[in-house]
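Biologist: Could you walk me through this model and tell me what stands behind the terms you use for it?

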Amino acid sequence: MVEGKVSSGRIEMNLEKTRPLLDIREATKTFGGFNALNKLDVKIQKGTIHAIIGPNGSGKTTLINLVSGLLKPTSGDFFFKDIKLNGLRPDRRTAMGISRTFQNIRIFNQMSTLENIMIARHCRTRSGLLDLIFRPPFKPLREEVEIRKKAEELLQFIGIFHRKDLKASSLPLGEQRLIEMAQALATEPELLLLDEPVTGMTPKEKDSVKSLIQKISKMGITVLFIEHDMRVVMDISDWITVINFGQKIAEGKPDQIQRDPVVIDAYLGKER
Amino acid sequence: MISPFLQTILIFGGINAMMALSLYLPFSGGQLSLAQGGFMAIGAYTSAVLTRSFGIPFGLALVAGASLSSVVGIGVCFPALRIKGIYLLLLTLGFNEVIRVFFLNFKYTGGVGGFGGIPPLTNLFNLYLVLTLLIFFFHRFQNSRLGRALEAINQDQDAAEARGVSLTRMKTFAFGAGAFIAGLAGGFYAHFVMFIESESFGFYRSLETMIFVIFGGSQVFWGPIVGAFLVTFIPESFRFLQKFRFEFFGACLVLMMILRPRGLLDEEVCQWRWWKEKFRVGGSK
């Protein structure tokens with residue numbers, strides 16, 4: 001809890017002075033007449049752990065899909081470090097430093113855990129066809145060795161190094177989520193988007209992911225995450241945005257949000 | 001040393017193996033193509049015209065034919081980038097017909113009469129040299145950065161894109177390189193049979209190529225090669241059945257699909273462990 005207070009202090013300073021790392025302006029997404037997002041403005045400050053909460057179907061995942069480029073917005077602008085993201089394909093955004101995980105885990109099931117991480121080094125490496133053809137025999141490419149080393153380091157960091165040669169599909173759900181986080185980190189992001197990172201985990205696993213997210217944040221990576229588990233959200237986030245029916249209904253520090261009557265109304269239940 | 005009959009079969013086996021590899025490359029990235037016959041035609045006609053009418057050396061003509069085929073392949077790939085599965089199959093099938101009918105009506109290369117008088121330059125040595133180089137390439141490609149990216153696209157293309165793999169680049173590359181290999185196979189084919197006509201590169205050729213890959217297995221690159229050789233050899237080995245030999249070949253295909261629906265070779269079979277376990281189970285019985 002003490003740590004939470006310290007990081008909220010850091011935030012107050014940041015919010016006033018710096019420009020946001022990610023600036024979402026009037027994001028709107030319509031699915032056949034249904035407004036999943038309606039003119040949503042969110043600013044994500046550099047170096048923060050930013051949580052987005054809201055009831056089911058409020059548009060949280062849609063927001064992440066718009067930022068990562070999986071979906072195209074109906075209208076609205078997205079700026080990352082003052083560069084407009086609209087129209088860029090997902091792989092370009094990954095190369096720019098936006099990386100994500102999926103709510104329904106999407107790792108490559110037929111590959112080993114290590115290969116899953118190695119694939120994510122794709123956009124940070126160069127070697128092409130010619131390197132492949134003209135490499136001397138029995139001597140792997142230097143870049144290939146680096147990819148492997150980096151991937152192993154990440155697996156160690158995330159704590160599943162002992163699983164590196166197992167097929168990804170054979171691991172339990174919690175560890176599959178960790179693989180996906182390691183994948184996202186392997187692309188060297190500046191902004192990490194986590195879509196429900198602790199869903200389906202045991203309390204013990206949740207705690208380790210919580211401290212993992214804090215460690216990632218200390219590395220200088222900005223984290224934007226969606227989560228339903230209020231304990232996790234309140235413990236680690238510096239700033240919380242609450243959305244409902246595709247619109248922002250509140251934002252603030254965890255203790256403000258906990259006290260906000262609008263939020264309690266919409267999200268935690270009316271009778272309080 | 002080698003009987004002409006065996007030599008013919010080995011050469012067709014090699015050409016078919018090349019065709020199978022040309023389909024395997026885009027297929028390992030999730031793109032199933034029925035246009036390989038068309039790419040083969042481009043390679044065959046281009047290299048044949050170059051050697052016969054312009055006296056250009058065989059090797060150069062082969063590369064020129066394959067390159068042209070690859071350029072056309074990349075051209076086809078762009079409209080095909082966003083479609084998958086059965087729709088891509090139809091698009092490529094349509095393209096194959098476009099190529100076939102083009103050569104059927106193109107007077108310069110003989111039109112309906114076909115294109116003859118091609119010098120017989122293909123032999124076991126140069127064909128198998130190129131096939132070996134291709135195998136060497138696929139072996140390296142498999143565990144490389146690009147090979148992994150293609151496999152990732154095959155498994156989940158949205159996730160691959162989210163991990164920074166450019167779908168446009170990888171798919172264009174796979175399709176273009178596949179067309180290049182098909183063009184090479186076409187060049188070897190033309191300089192072996194010495195007479196080509198557009199009918200030999202129609203739908204049936206593409207379908208046959210797909211049979212090689214499905215028969216042999218599409219998970220590892222050895223699958224299509226083994227498939228191509230078997231599908232070339234099996235009908236020949238049933239020759240004593242005379243006119244009924246294709247019946248038996250058909251039955252073989254049906255059996256195969258029942259026994260090993262994912263093809264003869266898959267990743268498991270290629271691991272030493274699988275054979276050890278097989279052997280142990282067999283021994284304990």
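What follows is a conversation about the two chains and the terms used to describe them.

Modeller: Happy to! Please keep in mind that this is a predicted model. The model scores ipTM 0.85 and pTM 0.88.

Biologist: What is the mean pLDDT of chain B?

Modeller: The mean is 90, on a scale of predictor confidence that runs from 0 to 100. In chain B, 98% of the residues reach 70 or more.

Biologist: Let's begin with chain A. What makes β1(A) and β2(A) a pair of strands?

Modeller: Two strands pair if DSSP finds at least two bridges between them. Strand β1 (residues 22-31) and strand β2 (residues 34-44) of chain A have 7 bridges, so they pair, and the sense is antiparallel. I24(A), for instance, stands opposite V42(A) in β2(A). The two strands form a hairpin with 2 residues between them, and G32(A) in the turn has a positive phi of about 50°.

Biologist: Which sheet do these strands belong to?

Modeller: They belong to an open sheet of 4 strands in chain A, in the order β2-β1-β4-β5, with antiparallel pairing.

Biologist: Why are β2 and β5 of chain A said to stand at the edges?

Modeller: Each has a single partner strand, so one side of each is left without a neighbour in the sheet.

Biologist: How do you know that β4(A) pairs with β5(A)?

Modeller: Here 2 bridges join strand β4 (residues 75-80) of chain A to β5(A). The cut-off is at least two bridges, so this pair qualifies. F79(A) has K84(A) as its bridge partner in β5(A). These strands also form a hairpin, with 2 residues between them, where K81(A) takes a positive phi near 50°.

Biologist: And what joins β1(A) to β4(A)?

Modeller: There are 5 bridges, and the two strands run antiparallel. L22(A) stands opposite F80(A) in β4(A).

Biologist: What about the other sheet, the one with 6 strands?

Modeller: That one is also open, with the order β6-β7-β8-β3-β9-β10 in chain A and mixed pairing. What makes β6 (98-100) and β10 (247-252) of chain A its edge strands is that each pairs on one side only. From one strand to the next, the twist averages 20°. As for one of the pairs, 3 bridges join β6(A) to strand β7 (residues 191-195) of chain A, and these strands run parallel. The bridge partner of S99(A) in β7(A) is L192(A).

Biologist: Which helix lies across β3, β7 and β8 of chain A?

Modeller: That is helix α8 (residues 203-218) of chain A, running at about 150° to β8(A).

Biologist: Why is α2(B) called largely enclosed?

Modeller: Because 16 of its 19 residues are buried, the rest of the structure largely encloses it. G55(B) follows this helix and has a positive phi, near 60°.

Biologist: What makes α11(B) hardly covered?

Modeller: Among its 15 residues, the count of buried ones is 0. Helix α11 (residues 245-259) of chain B reaches 21 Å from its first C-alpha to its last, close to the 21 Å expected.

Biologist: Why does N16(B) count as buried?

Modeller: A residue needs 20 or more other C-beta atoms within 10 Å to be buried. N16(B) has 25 such neighbours, so N16(B) counts as buried. N16(B) lies in helix α1 (residues 4-27) of chain B. Leaving aside neighbours within four places in sequence, N16(B) is in contact with F212(B), A228(B) and T232(B).

Biologist: Finally, how many residues from each chain make up the contact between them?

Modeller: Chain B gives 19 residues and chain A gives 25. On the side of chain B that touches chain A, α5 (124-142), α6 (145-155) and α7 (157-162) of chain B each give two or more residues.

Terms used: Residues numbered from 1 in each chain as written. Chains lettered and ligands numbered in written order. Predicted model: local features only at pLDDT ≥ 70, side-chain atom pairs only at ≥ 80, totals over all residues. Contact = placed C-beta atoms within 7 Å. Axes fitted to C-alpha atoms, helices over the stretch in contact; angles between N-to-C directions. Buried ≥ 20, exposed ≤ 12 C-beta atoms within 10 Å, placed from the backbone. Expected span 1.5 Å × (residues − 1).
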